[in-house]
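This report describes the fold of one protein chain and the setting of a few of its residues.

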Amino acid sequence: MDEIVVLITVGSEAEARNIATVLVEKRLVACVNILPGVQSIFRWEGEVAEERECLLMAKTVNSVFDHVASTVKSLHSYSVPEVIALPIQQGLSEYLSWIGEATLEAREAT
């Protein structure tokens, strides 16, 4: 299976909406869920930090991940944004087909 879920954290809902919209408009992803109010605790520059963030869950295909990551990085306010992919092990076949159809233009361009 080529389908993946890409997890992206951002600092605000406005930034989340902007990144999600661009990714969908460019057909790099089929859909993005935005989960506001995520509490993140992490180590950054030698210190433990805590921030309120939004989590984006983007559904796409592995073959366009590099384009997704570069697009997110170009739009993101963080110097090192979280952009990680998890494989979809199983899913409703019609939904997985829809992901493929929605990202077809981006796959053909690679």
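Predicted model: local features only at pLDDT ≥ 70, side-chain atom pairs only at ≥ 80, totals over all residues.

Residues are numbered from 1 along each chain as its sequence is written, and side-chain values use heavy atoms, with hydrogens and water left out.

Four strands make an open sheet in the order 2-3-1-4, with antiparallel pairing. Strands, like helices, are DSSP runs numbered from the N terminus (strands E, at least two residues; helices H or I, at least four), and two strands pair if DSSP finds at least two bridges between them. Strand 2 (31-44) and strand 4 stand at the edges; each has a single partner strand, so one side of each is left without a neighbour in the sheet. On average, neighbouring strands of this sheet are turned by 30 degrees against each other, direction ignored. Five bridges join strand 1 and strand 4 in the antiparallel sense; leucine 7 has isoleucine 84 of strand 4 as its bridge partner.

Axes are lines fitted to C-alpha atoms, for helices over the stretch in contact (heavy atoms within 4.5 Å). Angles run from 0 to 180 degrees between N-to-C directions.

| Helix | Strands | Angle |
|---|---|---|
| Helix 1 (residues 13-25) | lies across strand 1, strand 2 and strand 3 | about 130 degrees to strand 2 |
| Helix 3 | touches strand 1, strand 2 and strand 3 | about 95 degrees to strand 3 |

The buried residues of helix 3 are Leu96, Ile99, Gly100 and Ala102, where buried means under 20% relative accessible area, exposed over 50%, and partly exposed in between (1.4 Å probe, protein chains only). These buried residues pack against strand 1 (3-10), strand 3 (47-61) and helix 4 (104-109).

**Leucine 92.** Leucine 92 sits in the loop between strand 4 (83-87) and helix 3 (93-102). With a relative accessible area of 59%, leucine 92 is exposed.

**Alanine 85.** Alanine 85 lies in strand 4. Its relative accessible area is 34%, so alanine 85 is partly exposed. Apart from neighbours within four places in sequence, alanine 85 is in contact with Ile4, Val5, Val6 and Phe65. Valine 38 is 47 residues from alanine 85 along the chain, and their C-alpha atoms are separated by 18 Å.
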